[in-house]
Each structure stands twice: as structure tokens, then as C-alpha cells.
Amino acid sequence: MTVLVRDTGFVPDDWPHAYVPVMAVSRAPDPGRLLGVDVSDAALAPQIWDRLCAVLDRAGLIRIGLRDFGDAKACDLARGLRLHGFAGRLRAHGAVLARNYTLYRRAGFDEVELSRDQAQRQAAEHWRLLPGRDAGAGTSFLGTISCSRFAAHGRKACGSARASS
């Protein structure tokens, strides 16, 4: 059983669909199906980035795994997806820490997924936005490095409509 952390506290997981690994996602349009895409490693090769971009309009939730507690690539990927117009839910999971919740929210994540053991070790009161540093207050350091790794690797924007916005 998983527990979600949102700004309101701990809530049960309400995503009714399965997750499809990003490598298994079909590029073929399937308008009747809302996708839950699982990105297990935020260090995406250009062809994986292209595959992910191809399904942004169909994805209702993208779940990004953090490999370690200082995984800035996952936050950079979340920020990049938001900058490219993804309006669905972004979920962080894996090596997550309560003290980084404000950072996750500022990067663009909507929620954090915890296992039952993680939820027991990191109580709900630890998962809150820092006073005066909510997800919309001021600017974070991510504003200065947003999508730097995408630009550094010559990755193009997802779709021409997103590239112009």
C-alpha cells in the first residue's frame, strides 16, 4: 500500500490506472486512455525524452523515481516537463525526504509517493511546506538552472506549440 503526501497531509493513493514504463509507452495515439507513465531514472537519453514528449498530452500522471536523496535530476526533469506544458500530475517516489518537500513542490511535483514503511518513519507533520517558502513564494534556485541539462544536451522542446510558449 502506498501513501501520498500532498499539501493537505497524507492521503490514500487515488490513481486508478496502472503505470507504464516510459520505454514501453506507445507513440500511437490512444485518445480513450489516460496514461500513468513511470520514469524510473530521471537521467533520460534523448530518444527517451522524445518518447516522453510524444505522450505528454495523453499522460494523466508521470511518476518520477528519485535514485538517491540528493537526486537533482528528478527535480530538473519535473521542472522541464512543466516548462514544456505538462499539466497533469507529477509524482515523486523512491529516495524522498520530508525535509525536501518544499523543493519537490517548487520543482513542479504535485505529490510524493511513500511506501508504508517510509510513511511510518517520516510522520505526516514532517511533510509540510516551510513557512514563508511555499511552492509559489519567491523563486527557487531551480529558476536559474531550469532545464539546463536539456539545453546542455541539445534536447528540443516537446512539440512546436510548447516550444513557442
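Is aspartate 13 buried, exposed or partly exposed? In this predicted model, aspartate 13 is partly exposed, its relative accessible area being 31%. The close-up views below begin with this residue.

**Figure 1. The salt bridge between aspartate 13 and arginine 91.** The two side chains meet in a salt bridge with an N to O distance of 3.1 Å. Aspartate 13 belongs to the loop between β2 (9-12) and β3 (20-21), and arginine 91 to strand β6 (residues 89-94), so the contact ties together parts that lie 78 residues apart in sequence. Arginine 91 has a relative accessibility of 0% and counts as buried, whereas aspartate 13 is partly exposed.

**Figure 2. The salt-bridge network that includes aspartate 13 and arginine 91.** Salt bridges link Arg6, Asp13, Asp14, Asp38, Arg63, Arg89, Arg91, Glu111 and Glu113 in a network. The structure as a whole holds 12 salt bridges. Arginine 63, a member of this network, also has its charged end over the ring of tyrosine 19, at 4.7 Å from the ring centre.

**Figure 3. The salt bridge between aspartate 41 and arginine 67.** The closest N and O atoms of this pair are 2.7 Å apart. Distant parts of the chain are linked here: aspartate 41 is in the loop between β4 (35-39) and α1, and arginine 67 is in the loop between β5 (59-66) and α2 (72-83), 26 residues apart. Aspartate 41 is partly exposed, with a relative accessible area of 27%. Arginine 67, at 59% relative accessibility, counts as exposed.

**Figure 4. The salt bridge between aspartate 110 and arginine 82.** In this view the closest N and O atoms lie 2.5 Å apart. Because aspartate 110 is in the loop between α3 (101-107) and β7 (111-115) while arginine 82 is in helix α2, the pair ties together parts separated by 28 residues in sequence. Both partners count as partly exposed: aspartate 110 has a relative accessibility of 28%, and arginine 82 has one of 24%.

**Figure 5. The aromatic pair of tyrosine 101 and tryptophan 127.** The structure holds 2 aromatic pairs. In the pair shown, the ring centres are 6.0 Å apart and the planes stand at 80°, so the arrangement is edge-to-face. The two residues connect distant parts of the chain, with tyrosine 101 in helix α3 and tryptophan 127 in the loop between α4 (116-121) and α5 (142-145), 26 residues apart. Tyrosine 101 is buried at 1% relative accessibility, and tryptophan 127 is buried at 2%.

**Figure 6. The aromatic pair of tyrosine 104 and phenylalanine 109.** This pair is edge-to-face, with 6.3 Å from centre to centre and 90° between the planes. Tyrosine 104 counts as buried at 2% relative accessibility. Phenylalanine 109 is buried as well, with a relative accessible area of 0%.

**Figure 7. The buried residues of helix α1.** Helix α1 spans residues 46-54, and its buried residues are Ile48, Trp49, Leu52 and Cys53. Seen down the helix axis, these buried residues fall within an arc of 140°, so they line one face of α1. An α-helix has 3.6 residues a turn, so residues three or four places apart point the same way.

Conventions: Residues are numbered from 1 along each chain as its sequence is written. This is a predicted model: local features need pLDDT of at least 70, side-chain atom pairs count only at pLDDT 80 or more; totals for chains, interfaces and linings use all residues. Side-chain values use heavy atoms; hydrogens and water are left out. Buried means under 20% relative accessible area, exposed over 50%, partly exposed in between (1.4 Å probe, protein chains only). Helices (H or I, at least four residues) and strands (E, at least two) are DSSP runs, numbered from the N terminus. The arc is that of the directions from the helix axis to the C-beta atoms. A salt bridge is a side-chain nitrogen of Lys or Arg within 4 Å of a carboxyl oxygen of Asp or Glu. Rings of Phe, Tyr and Trp (its six-membered ring) pair if their centres lie within 6.5 Å; planes under 30 degrees apart count as stacked, over 60 as edge-to-face and the rest as tilted. A charge sits over a ring if NZ of Lys or CZ of Arg is within 6 Å of the ring centre and within 35 degrees of the ring normal.
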